[in-house]
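Reader: Please show the model first. I will then ask about its packing, residue by residue.

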Amino acid sequence: MNQQAPRRPSGRGKFITFEGGEGSGKSTQIKKLAGRLAKARQRAIVTREPGGSPGAEIMRHLVLSGMGKLLGPEAETLLFAAARDDHVRTVIQPALNQGTWVLCDRFSDSTRAYQGRLGQVEPGVLNAMQRVTIGDLKPDLTIILDIPVDVGMQRAAARRGSGVPDRFESEDLQFHQGLRDAYRQIAADDPRRCVLIDANAEADTVADRVWVAVRERVLAAKSPAATA
Ligand code: T5A
């Protein structure tokens, strides 16, 4: 284990988001990446959406319980936006300003895929909310984990055990196939920011793929020494 202290931060931290359908392995991979960055002595925090700050965690409970669905897609989108606003202001932006990297399990692409593509909330409405909640903040890299829908649903069910499926896990296969298509489209539309990774493999194999993307697209651009 590397006992050296993290490097002294220089400049703004890097912002890396993980996206994908249910059970695609985001939480697993974000932890593995955090471990690799720690070995590279890169200071990083792991956070998630919806949630990640005390205020946003309250909103998380509300939306995942299905309460937001009763209000309709626009209102549900507002709940996600309110959670993101708190999370960005109190956790993400302060960390980035201190030079700490932020690894975030879901971010604004989730709103584009779930509420935009599937909830059919208009792009103009999404853009307006995005301007208010995140302004110019944009991930330096977005890792999109791509997996066949049945594999993702099986993984999510296995992890849940006897627990009740949440608001989005309860949607039908057509919804989840549409979600996969939406994420593939997001990756195709913004190839400079997004990388689509085949996540239908052993967790360590997927972690190697993620690490290649981070090394090539973020670490190499920042400091050659950090890629060791
Ligand atoms: N949402 C969120 C919106 O609609 N709009 C928004 O703007 C935002 C921000 C959040 C929900 O909110 C929605 C999207 C979501 O539906 P959540 O509880 O945070 O819900 O859940 P998800 O983000 O969907 O994540 P999951 O917990 O379903 O899955 P992960 O994190 O992708 O997967 P993970 O790592 O927990 O793995 C699932 C299981 O598979 C195993 C793990 O051990 C675990 O048991 N696994 C593997 N097994 C075999 N091979 C591998 N490679 C594996 N990787 C993991």
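Reader: Which residues does Ile16 touch, not counting residues up to four places away in sequence?

Author: Contact here means heavy atoms within 4.5 Å. Leaving out residues up to four places away in sequence, Ile16 touches Leu33, Trp101, Val102, Leu103, Cys104, Leu141, Ile143, Val214 and Val218.

Reader: What kind of model is this, and how are residues numbered?

Author: This is a predicted model, in which local features need pLDDT of at least 70 and side-chain atom pairs count only at pLDDT 80 or more, while totals for chains, interfaces and linings use all residues. Side-chain values use heavy atoms, with hydrogens and water left out, and residues are numbered from 1 along each chain as its sequence is written.

Reader: Why are the buried residues of α2 on the same side of the helix, and what arc do they cover?

Author: In α2 (residues 54-64), the buried residues are Ala56, Met59 and Val63. They are on the same side of α2 because the arc they cover around the axis, taken from the directions from the helix axis to the C-beta atoms, is only 55°.

Reader: Which residues of α2 are exposed on the other side, and what covers the buried ones?

Author: Pro54, Ile58 and His61 are exposed on the other side of α2. The cover over the buried residues includes α3 (67-71) and α4 (73-97).

Reader: Is Asp86 buried or exposed, and which side chain does its own side chain contact?

Author: Asp86 is in helix α4 and has a relative accessible area of 18%, so it counts as buried. Asp86 touches Ser53, Gly55, Ala56 and Val91, not counting residues up to four places away in sequence. A polar contact is a pair of N or O atoms within 3.5 Å; within protein, one must be able to donate a hydrogen and the other to accept it, and residues adjacent in sequence count only if both atoms are side-chain atoms. At 2.6 Å, the side chain of Asp86 makes such a contact with the side chain of Ser53.

Reader: How far apart in sequence are the parts that the pair of Phe15 and Phe107 ties together?

Author: Rings of Phe, Tyr and Trp (its six-membered ring) pair if their centres lie within 6.5 Å; planes under 30 degrees apart count as stacked, over 60 as edge-to-face and the rest as tilted. Phe15 and Phe107 form an edge-to-face pair, at 5.0 Å centre to centre with 85° between the planes. Both Phe15 and Phe107 are buried. Phe15 lies in strand β1 and Phe107 in the loop between β3 and α5 (108-118), so the parts tied together are 92 residues apart in sequence.

Reader: Which residues form the cluster linked by ring pairs?

Author: Tyr114 and Phe168 form an edge-to-face pair, 5.1 Å centre to centre with 80° between the planes. Tyr114 is buried at 6% relative accessibility, and Phe168 is buried at 6%. The cluster linked by ring pairs is Phe80, Tyr114, Phe168 and Phe175.

Reader: Where is the cis peptide bond, and what is its omega?

Author: Pro50 is in the loop between β2 (44-48) and α2. The cis bond joins Glu49 and Pro50, with omega about -10°.

Methods
Buried means under 20% relative accessible area, exposed over 50%, partly exposed in between (1.4 Å probe, protein chains only). Helices (H or I, at least four residues) and strands (E, at least two) are DSSP runs, numbered from the N terminus.
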